Structures are given as structure tokens and as C-alpha cells.
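Subject: Structure for your review

Dear colleague,

Please find below the structure that I am handing over to you. My findings follow it, and I would be grateful if you read them with the structure open.

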Amino acid sequence: LCLQVFDSQGSDVTPLPLVAVVDDPDPKTREKSSLEEVLFKKGSSIFKSSTPTDVVSSRYGDIQTHKPINMEGHSMFIGTPDKIFLEIIRFVLLLLSEFPRKPVAEGFDIILSETDTISLLDLPPTLVSEDAEDADAVKQRNRDYAEFCSSKMGSDNFFERSSQTLVGEHKCKYTQTDTNKSVNKGTIATTWDIYDSFSMSTENRETRESERVDYLTRTRNKQDVSEVTMSRETGKSFSENQAYFFGVSSAAETDADLFMLKTESNLEKILSSEAFMKSVSIMERVIVLNIFQPKLAAFRGLPNEEDEERITEEKGHYLTPTLEPLWTFVSPLTRGHNITCMTWNKKNPDILAVGYVGGSSGNPQPGLICCWSLKNLVWSERVFSCHSSVTCLEFSSSNPSHLAIGMYDGSVAIYNVQVGDDTACIANSRDCAKRHTQPLQLSGEEREEVLVSVSGDGRITKWLILHNDFNCVDLMILKRSSGQGRKQSIGGGRKQSIGGGRKQSIGGGRKQSIGGGHMHKCSLSNSDHFLDTYCKHPSPVTHIEWSPIYSDVFLSTSSDGTIQLWKVDTLNPKMSFTSVQSIVDSVKWSPNCGTVFAAIYRHRVEVWDLCQSIMRPTLVHHAEPGVTLSSLLFAKGSDSILVGDSRGEVTVYKLKNFRVGKPKKVNKLVGKLATQENLIICWISFSLKCICKHQANL
Amino acid sequence: MSLRRKKGAEVEETLKRIQSQKGVQGIIIVNSEGIPVKSTLDNQSTVQYSALIHQLVMKARSTLRDIDPQNDLTFLRVRSKKNEIMIAPDKDYFLIVIQNPSA
């Protein structure tokens, strides 16, 4: 039977088969199927049990032998009412199947109606009037009967027993439904979940509600919405989120467009957020640190596995000290700019500020300052541009984020490096014709920090910041001594008071300035004249550097290629170092070891270790051809030096195979300097490693 | 250029620099629902990484916060034999970078 039923809308409402239908063996006889045949067909298990029973009254007893009945006539059926109803349905269907198949568009109506009520037993009572003659007899009979019924209970004449009725055979009913879909939902109330809910204020909750409503209206997949928002809020298990995610990925096409739009706007929002910028910069640092990890480990002096193997192999051999390049601070912005000065931050020793000369050839050339961090070796953290080339810079000790710079045209500026793009205080260019300024800073613990600059026009000035003003006060004017030539490059050496304020209270800060070949000692408190003059160099002095460890010793370099070591109270240099006849640009003491200093010539770097030899440098490093080295800096706590060159690159080198002072050499040194008694004590106290050895020898 | 555009350009530049660093295999940005919004890897890897890493980060975050609810996860690094996965999680996004520094 492939019958299909369609309702007026054309949808399929074919009732599903309830019983596995056994195929009609002879379809041809279907034409004249009668009710009787339907009801009593072989193979139909339904009617096996519907044989007349004692329950059914005799009126229906002879239905079996009844002739076939017409549909329209009184229908009398055997069986219980619900069975009958089902059979009606079946019969109707069978009949309908005989009709020629009508086109689908035309529907036909099946009308089902109730049959008449079937009465199984009907015994009408006989009514007798009260005035009738046998009324009393009837009443008596009724009474007797009632008595009889009530006496039936406990009497022996009547025995109650049950009788078996014929139980109809069970019929299997099959039904078909859609499965009930079940969705599992759970939540875990974790401690932080509770904390979050409590710490959210009511306003926050409201905004979250509105957010959620917006989200609801925008989403297509309604069934997972609540799960997603809940998981977003409480951050619980990801399984529902994942379901949503995969559901999304298989969305229909029209939904896919919406989806793309939504993610694009999402991307925009994410990329422009502050937190993302921070995350990205941290990520960059992490990646760069990963790449440069061995180099940085070498910089910090941490043992590297490969190095240790090499060291154990080469023990006992004396290897030439060399400079091993670790990495280079360079960026596209700084390429080609000559580096003039470098300095470390006082508070955070990982931050390096480098001053560059401007690249363009205009006059005045604009300068550049870059702040590099050891955490990101690839890109400078800050870039500031200034209107003139930078000649020197210095970080402040009391405000560690302030950077003071001196420029070629004589102006001084202070930058606040914490801010990305700002210049803090005013760049002051009011001073007349100051060139080659070298700002110094005196750090005092009792007094406030003072920014002092020395410049080529002979003035030593102190700079003050009042409110919004950047003012300067002349401390001293250096007179040119005996007409030395027109161009005087005056620089200054900074004295760093290690012992705190005590030394400074004597003479204020002490500074020195260089005039062509001469060095003057002056103090802040006495501004009239110099205290002392040191003369030794025939040609202009290029640089003075105080020793960071011993406060009365300084080095001076000049363009005659010599380096002189002085002690403050003697007017003649204690020692003199020469290696090549070339202008010495700069010299720096090592902050780690008191007898080590480095000097930078135009094309080479020399590192001297006075414990090893005072005649020749311990380490010589040549620059690449075509490159001029211009700036030098030691790194505190690390065996490294930084060299800046004319290409705009700062290369970090590690001092390799650089062993500081062997005990035998100390004795030699002691012997040699026996005549200069003060110095012996100085020298021995410098090298911390030598102290104990010397004492042991003594 | 408005400040916002400037910052956006800076972010783009930094992302480009990261991409060009040695050994970086891929960058994925995932939004708060776990859908990758930007990626330099192919689609299948992206989907896989973002789904799995989302689970990991949720677990890590929940672990930390169970110990101390006032604490929160700021960075997660997973170092494996072949490479390293670095994740910067946030309320609104995840930034995932896969790098093999010795390659």
C-alpha cells in the first residue's frame, strides 16, 4: 500500500504505518472487498480473539453468520471500542486505495464520525402504580429481594468466586515519534567565579546585560547563545563554546557574510585597543629575547653551555684578549647618523640613550635621540628628534626618567622618556652662541641635583627649572689663557662623588675644563678663578674622565695621541700611555674594575689593563674599513663595552679572554711605583681582585 | 594623523616586525569567542591552534584564579621540542605567536 495523503497545503501527512502490513496475496480481489473479508481476513491476527463470548449478549451472537453488511447501514462490530475505531480507519484506507489515484493537488476529505451508541444490555424496569391491586405484592416482593440481597453477604447459600473471562490477546502497538533532543548544561561555581560576581558592581552588571542583549539580536544560532555568553562571563568549560564555534563554521552562506562583517569589525576594534598594543610590544620583546638569548647571556656574564666546553678544552693556554661582537643596536631610522654620545639610565640599567648627529646636511642639522632597551634589541623604544645635532646627553639621578641633552647650537633640553612622544621641559636656545655644550650633572645626596653645562664659549652655567621656565645661571666664565687660538673646544669632566655629600661640602662640586692643552680645576663654590691648572698636553685635550672608583684620579686624552693619568693634588701626570699617534677621541674607565679603561681612537678601540701592563694596551680592536668609531661606553656589571660608530650603529662587544691582573704583575707594579707613595695605595685599592692577593703576598 | 590612526599604524608596524623576526612561524589573533580574526598561517592550522589554545588558556587561567581569585594570567609560554608558542591573553582577544628560535 503506497498511499500518500496530502493536506490542503500540499504537505505530506501520510499516517505512518502502525503495524507491519502483510501484503495482500491476491490484489485482484480487492475490488470487492467487503467488510466481512476485511474483518475476518486470514493472517489478520487481530480477530483471533474476537470470538463470541459469554459476556456478549445473544443479540450479537449470530453476527458471524450474518451476511455482509453495507457501509451505510447499521454497523455492528465485534470487539472493544478502541479496536473498532482502529479498524474503521483501516477499512477506510483500504477502500480509498481502490479509488483511482487522484492528482496530488486535489485533496479529498475524509470525515470520520462516531457511530451510534451500542447498548449491550437493556432491561427496562416495569412500573406499577401505587394504586394498583398488586401494589402491595410488588412492594413486598421488592422488600424481600432487598433483604435477600443484603443477606447474601454472610450466608452459606451463596458462595462468591471469581470467574475467568477470556482475556483478549495482547496486541503490539508501535508508535513513531521524533526523539526528544536533550541539551546538557552545567556550570561550575569556582572560587574566582564567585569572586568575580561579587566584585562586579550593579552598573557593570547592567552594561553587561545590555551587551548581552545586543549580542543576542546579532546572533543567528539561537540555541547556543546563552551558553556562549555564559561561558564568556564565567569562563567555564569550553565545550559549549566549541559547539558554537563549529556550528558557526558550517553556517549557511547568507549568514557567512554577516559573520565576515562581524569579525572584521572585531579585528578593527582589537587592533586599535591600548591593551593590544601593549601585548604586541611585550610579544616582540619575548621573541627578540628568544632569538638573542645566548648573546644576552654572554652579556650578563651567565655561563653558556657551549662556552663552558670550550673553556675546559682551552684551559692553560693564554689566549689573546679579543672583543667578541654580540649584537648591534641599529634601526633604519639611525642608519648613517654619526653617534656622538651614549649613556645608561641611572635607575634602570637596561636602558641606553644614544645621541645622533643628524643625517641631512642642512645647517643646523637635526639630531636624533634613541632610547634602546636591552629587552628589545631590534627596535628602539623611543625616538626623539631635536632641532640640532646632539653632542652630549645624561640621565638624571633624581628623576630617572629625565634625560638632559646638549645640542650643537648651544641649547639644552630635557626630555621625559617615559612619555612616548613628548618633550618635557623647554628646549632653551636663548643662550648666545654656545657651541659644543657638554652638560654635566652633579649628583648630590644632600642637595638637589643640579644640571650644569660647559660650553665652548667659556661659560659654565647652571640650569634651573622653575615652573614652566628653563633658566640658566652663569656659574663661571673661563678666561682663555694666553691667547691660545681662536677655536677652543672646551669640555668638562664630571666628578662623581662616591662617598656621598662629604666631599662635596668642602668645595662644592668640582669640575674641570679643558682649554687647548691645559686643564683647569674649578669648584662651584669659588667662581672667580681656577684652583689649579694642569699642563702637560701640547695639543688640545679632547676628553677628561674621572675614575668612578677612586675619586681623586682622572685620565685625560688629547689629540697628540697620549693618555695621561693624573692625581688631583699633583700638577704632573702620574702616568702616561701611548700606543699610536692618532687622535684619541675619548676614554672611559671601566665601572667594574678600577684598573681598566678603554680609549677610542678614530679607527680602533684599545682596552688597557694597568695590572697587566702599563706599556701597551691589553686589547686592541680595529674598526672595519671605512667606519669611524666615535663613542664608547662601558656596561656596569658586565664584561662588555659598547662602541658607537659613524654608521649609526652601536655594537656591543664582550671582552673575551680578558683576565684581570695576575698577582705577579701586581708586585711588579708595586715596585715600579714605589717612588710615588700615594699612588701605590690608590692602585692597589682599585683592583678588588688584587687586594687580597697583595695582602697575601705581603 | 589622528592619535588613534597613529597607534593603529604603530601596531601594524610592530606586527610586521614580529613576522619578519627569525624563526617566527605564525601569528594568530583570536577574538573573545574563539574565532580567529587574523592569521598568517593556513586556515586549517589556524582553526586548530585557536580552538586548542583557547582551551589551554581557559584552563590555565582557571587554575591560577582558583589559587588566588585576585590574580590573573598575563602571559603564557609553551616550550616544546620543535618550537615555542607564546600567548598573550586578554579579556577581548588572544595573541598567539609560534616561533622556532633555532631555525
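Across the interface of chain A and chain B, 2 salt bridges are found. One of them links A:Asp196 with B:Arg65, and the closest N and O atoms of this pair lie 2.8 Å apart. Please bear in mind that this is a predicted model.

The contact itself draws 37 residues from chain A and 45 residues from chain B. The size of an interface is often given as the accessible area lost when the parts come together. For chain A and chain B, the buried area is about 3900 Å², and carbon and sulfur atoms contribute 67% of that area.

As to confidence, the predictor assigns the complex an ipTM of 0.89 and a pTM of 0.59. Chain B has an average pLDDT of 89, with 95% of its residues scoring at least 70. Among the elements of chain B, the lowest mean pLDDT, 82, belongs to helix α1 (residues 3–20), whereas the highest, 94, belongs to strand β3 (residues 76–79).

On one side, strand β23 of chain A pairs with strand β22 (residues 596–601) in the antiparallel sense over 5 bridges, and a hairpin of 2 residues connects β22(A) to β23(A). Strand β24 (residues 619–622) of chain A also runs antiparallel to β23(A), joined to that strand by 4 bridges.

Finally, the cysteines. A disulfide is a covalent bond between the sulfur atoms of two cysteines. How many disulfides are there over all chains? The count comes to 0. A:Cys371 illustrates this: the closest cysteine sulfur, that of A:Cys370, is 7.7 Å from its own sulfur, so the two are too far apart for a bond. A:Cys371 is buried, with a relative accessible area of 3%. A:Cys341 also counts as buried, because its relative accessibility is 8%, under the 20% cut-off.

Yours sincerely

How values were computed: Residues are numbered from 1 along each chain as its sequence is written. Chains are lettered from A and ligands numbered from 1 in the order in which they are written. This is a predicted model: local features need pLDDT of at least 70, side-chain atom pairs count only at pLDDT 80 or more; totals for chains, interfaces and linings use all residues. Side-chain values use heavy atoms; hydrogens and water are left out. Two strands pair if DSSP finds at least two bridges between them. A disulfide is a pair of cysteine sulfur atoms within 2.5 Å. Buried means under 20% relative accessible area, exposed over 50%, partly exposed in between (1.4 Å probe, protein chains only). pLDDT is the predictor's confidence in each residue, from 0 to 100. Contact means heavy atoms within 4.5 Å. Buried area is the accessible area (1.4 Å probe) that two parts lose on being put together, summed over both. A salt bridge is a side-chain nitrogen of Lys or Arg within 4 Å of a carboxyl oxygen of Asp or Glu.
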